[in-house]
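Dear colleague,

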Amino acid sequence: MAFGWIDEQAELRRRAGLVRTLRPRPADSPLLDLASNDYLGLARHPEVTEGAAAAARTWGGGATGSRLVTGTTELHGELERELAEHCGFEAALVFSSGYAANLAAVTALAPHGSLIVSDAGNHASLIDGCRLARGTTQVVGHADPDAVRKALGTHDGPAVAVSDTVFSVDGDAAPLAALAAACREYGAGLVVDDAHGLGVLGEGGQGAPYAAGLAGADDVVVTVTLSKSLGSQGGAVLGPARVIEHLVNAARTFIFDTGLAPAAAGAALAALRLLRREPQRAARARAVAGELHARVTAAGLAAVRPDAAVVSVRAPSPEGAVRWAADCRSAGLAVGCFRPPSVPDGISRLRLTARADLSGAELERAVQVIGETRP
Ligand SMILES: Cc1ncc(COP(=O)(O)O)c(C=O)c1O
């Protein structure tokens, strides 16, 4: 039977407690949200939703074509200029998602004969970039600049190291300055995914590379998503102008993809302007994460100290994590639940996001629910 093997896989997934299901979210959800990536609480901010609506009215419901044909509006150009300026890089290029931006950066910067040194904890989109690239990938231990140095030392030819800046599962930060130093010893480039750093790290949310003193470096390329702190949708690559020009000419997920929808560009631009006007939102997200971590550990739970706005709490098993998250939901709290294969070390976790707009009372309620429902 066609696709018969799917049933066998489904049965294996069921037995392992790894079945995933979609749960449509109502517009007026009563749940307290510690599951989304809306770190600055901007997705429903009136300026952001109006940015989306105004852009749709002006430019239409879609971009109408790929970026090199009709899909680049003046709005895309504005967003690229302001993103680059905010993060401290020479130029930026907007993509239809952060996933597409990562595929573009890795594939276009790792040609045939090159080496990609990839952190074992990297996001799936960086991993897929490595899989699609013509270069050879060497996976190294998590957050280990010496391992990067050792790998680069074995290769003769172009090379890049790729890493998340803030790892999405545990919320820990990569040692960016040490990684850059390792790359420089070997004339290699550094490509970092700042999906969870933009809007949170750096005094005014300029991101992890800026905070590490790497903004504007000619050997550093940064990818970001517009879907987390900026409360919209889409992605971007930031870096030296010559790299961005190369991507326009060589990155397949740029060339063969319809441009970012104007509404998403308008929302992201409005959120970025809001953040630049109110830079304290970034510090507030970091402070909420610190407070959430303190409360969770005071309740006797094992949690990783957050470097940005993600607090990861250890669960006993995949089934235990799923049950825990479901019990939280029944008690009015939405939390994220990470299980294999999303977790490289096989340890399941609850993933809590510290939004800048959470109040002390909401944090107290959240931690009470998490403690009471613990398996
Ligand atoms: C670290 C990281 N990189 C990239 C992405 C992909 O970004 P997008 O959702 O914009 O495709 C995500 C998650 O969404 C992520 O967590």
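The notes below take up a strand and then a pair of helices.

This is a predicted model, in which local features need pLDDT of at least 70 and side-chain atom pairs count only at pLDDT 80 or more, while totals for chains, interfaces and linings use all residues. Residues are numbered from 1 along each chain as its sequence is written.

Strand β5 covers residues 159-164 (strands are DSSP runs of E with at least two residues, helices runs of H or I with at least four, and both are numbered from the N terminus). In β5, 6 of 6 residues are buried, a residue being buried if 20 or more other C-beta atoms, placed from the backbone, lie within 10 Å of its own. Ala159, Ala161 and Ser163 point one way from β5, whereas Val160, Val162 and Asp164 point the other way. Strand β3 (residues 115-119) runs parallel to β5 and is joined to it by 4 bridges, and β5 is joined by 5 bridges to strand β6 (residues 189-193), also in parallel.

The axes of helix α6 (residues 145-153) and helix α7 (residues 176-185) come within 9 Å and cross at roughly 15°, the axes being lines fitted to C-alpha atoms over the stretch in contact, with angles from 0 to 180 degrees between N-to-C directions. Because of that angle, α6 is roughly parallel to α7 (angles under 35 degrees count as such).

Leucine 176 is found in α7 and counts as buried because it has 24 C-beta neighbours inside 10 Å.

With best wishes

Definitions and conventions
Angles under 35 degrees count as roughly parallel, over 145 as roughly antiparallel, 65 to 115 as roughly perpendicular and the rest as oblique. A residue is buried if 20 or more other C-beta atoms lie within 10 Å of its own, exposed if 12 or fewer, and partly exposed in between; C-beta atoms are placed from the backbone. Two strands pair if DSSP finds at least two bridges between them.
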